[in-house]
Amino acid sequence: MDYLNQNIAINLKRIRQARGMSLDLVAEQTGVSKSMLGQIERGEANPTIGILGRIVSGLRIGLDSLVKVPEDSVYPVDKSRLAPSKEEPGRYRVLTYFPYEKARNFELYVIEVQPGEAYVSGGHGENTKEYVLVNRGRLILEIEGESYLVNKGDALRFDSDNTHIYRNGGDEPLELVSVFSYRT
């Protein structure tokens with residue numbers, strides 16, 4: 001499940017419960033079946049814009065009420081339910097844990113690169129710093145013709161406004177956490 005569907009699942013359930021509504025009542029008011037609503041709330045469905053339109057119309061809420069990041073004090077992210085935001089099977093994949101939001105100045109990703117492979121990332125814009133922490137394996141990070149070795153447990157910060165390459169420098173899968181921070 002991607003972060004947008006997770007937001008919809010959490011927000012729909014929160015709105016329904018805050019209003020004291022059953023799934024049957026929401027189905028009646030929106031014209032969306034009870035089973036579909038249940039699947040959406042459990043994060044098992046990828047609702048179309050038409051379905052979302054019926055939900056927001058029936059509940060008399062704005063679409064942003066469903067898609068915005070939930071305001072819960074705890075927001076769990078289950079890796080097994082994330083859909084890769086970028087992937088080339090057998091080479092690499094990028095998982096988005098906390099994507100860009102206007103209300104905060106960072107993003108958080110996990111990047112996995114298989115042995116002998118590399119992931120090329122474009123620049124992330126002016127005034128962007130990137131912080132990488134290697135959880136597993138050995139990273140060779142190439143930035144503007146320079147190579148930096150980052151071993152398991154080590155970290156590196158760099159200006160990420162230009163293309164950079166995450167290269168697996170070992171014989172086991174590479175896994176790293178990447179955080180983008182924006183200066184205003």
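Which residue in E7 does Glu 142 stand opposite? In the predicted model described here, Glu 142 stands opposite Ser 147 in E7. The model is a prediction, in which local features need pLDDT of at least 70, side-chain atom pairs count only at pLDDT 80 or more, and totals for chains, interfaces and linings use all residues. Residues are numbered from 1 along each chain as its sequence is written, and side-chain values use heavy atoms, with hydrogens and water left out.

The protein has five helices and 10 strands. Helices (H or I, at least four residues) and strands (E, at least two) are DSSP runs, numbered from the N terminus. Along its principal axes, the C-alpha trace spans about 60 × 35 × 25 Å. Of the 184 residues, 40% count as buried. Buried means under 20% relative accessible area, exposed over 50%, and partly exposed in between, with a 1.4 Å probe and protein chains only. The protein exposes about 10,100 Å², and carbon and sulfur atoms supply 48% of this area. Accessible areas come from the Shrake-Rupley method with a 1.4 Å probe; for residues, only the protein chains shown count as cover. Among contacts between residues at least 6 apart in sequence, 65% join residues at least 24 apart. Contact means heavy atoms within 4.5 Å.

Helix H1 (residues 3–18) packs against helix H3 (residues 34–41) at an angle of about 120 degrees. Their axes are 7 Å apart. H1 is therefore oblique to H3. Angles under 35 degrees count as roughly parallel, over 145 as roughly antiparallel, 65 to 115 as roughly perpendicular and the rest as oblique. Axes are lines fitted to C-alpha atoms, for helices over the stretch in contact, and angles run from 0 to 180 degrees between N-to-C directions. On the H1 side, Ile 8, Ala 9, Leu 12, Lys 13 and Arg 16 take part. They meet Leu 37, Ile 40 and Glu 41 in H3. The residues of this contact divide into five nonpolar, no polar and three charged. Here Ala, Val, Leu, Ile, Met, Phe, Trp, Tyr, Cys and Pro count as nonpolar, Asp, Glu, Lys and Arg as charged, and the others, Gly among them, as polar.

Val 32 lies in the loop between helix H2 (23–30) and H3. Val 32 counts as buried because its relative accessibility is 2%. Leaving aside residues up to four places away in sequence, Val 32 touches Ala 27, Leu 37, Ile 51, Arg 54 and Ile 55. Val 32 and Gly 58 are 26 residues apart in sequence, and their C-alpha atoms are 9.3 Å apart in space.

Six strands form an open sheet in the order E1-E2-E3-E10-E5-E8, with antiparallel pairing. Two strands pair if DSSP finds at least two bridges between them. Strand E1 (86–88) and strand E8 (155–159) stand at the edges. Each has a single partner strand, so one side of each is left without a neighbour in the sheet. The twist averages 20 degrees from one strand to the next. Within this sheet, strand E5 (residues 128–136) and strand E10 (residues 174–182) pair in the antiparallel sense over eight bridges. Leu 133 has Val 177 in E10 as its bridge partner.

A further open sheet holds four strands in the order E4-E9-E6-E7, again with antiparallel pairing. Strand E4 (118–121) and E7 stand at its edges, each with a single partner strand, so one side of each lacks a neighbour in the sheet. The twist averages 20 degrees from one strand to the next. E4 and E9 pair over four bridges, and Ala 118 stands opposite Arg 167 in E9. E6 and E9 pair over five bridges. In that pairing, Leu 141 stands opposite Tyr 166 in E9.

E6 (residues 138–143) has a covered face, formed by Leu 139, Leu 141 and Ile 143. Its uncovered face carries Arg 138, Ile 140 and Glu 142. E6 and strand E7 (residues 146–151) pair in the antiparallel sense over six bridges. Their hairpin has two residues between the strands, and Glu 144 takes a positive phi near 45 degrees.

Ser 160 sits in the loop between E8 and strand E9 (164–168). Ser 160 counts as buried because its relative accessibility is 0%. With residues up to four places away in sequence not counted, Ser 160 touches Gly 123, His 124, Gly 125, Thr 128, Lys 129 and Glu 130.
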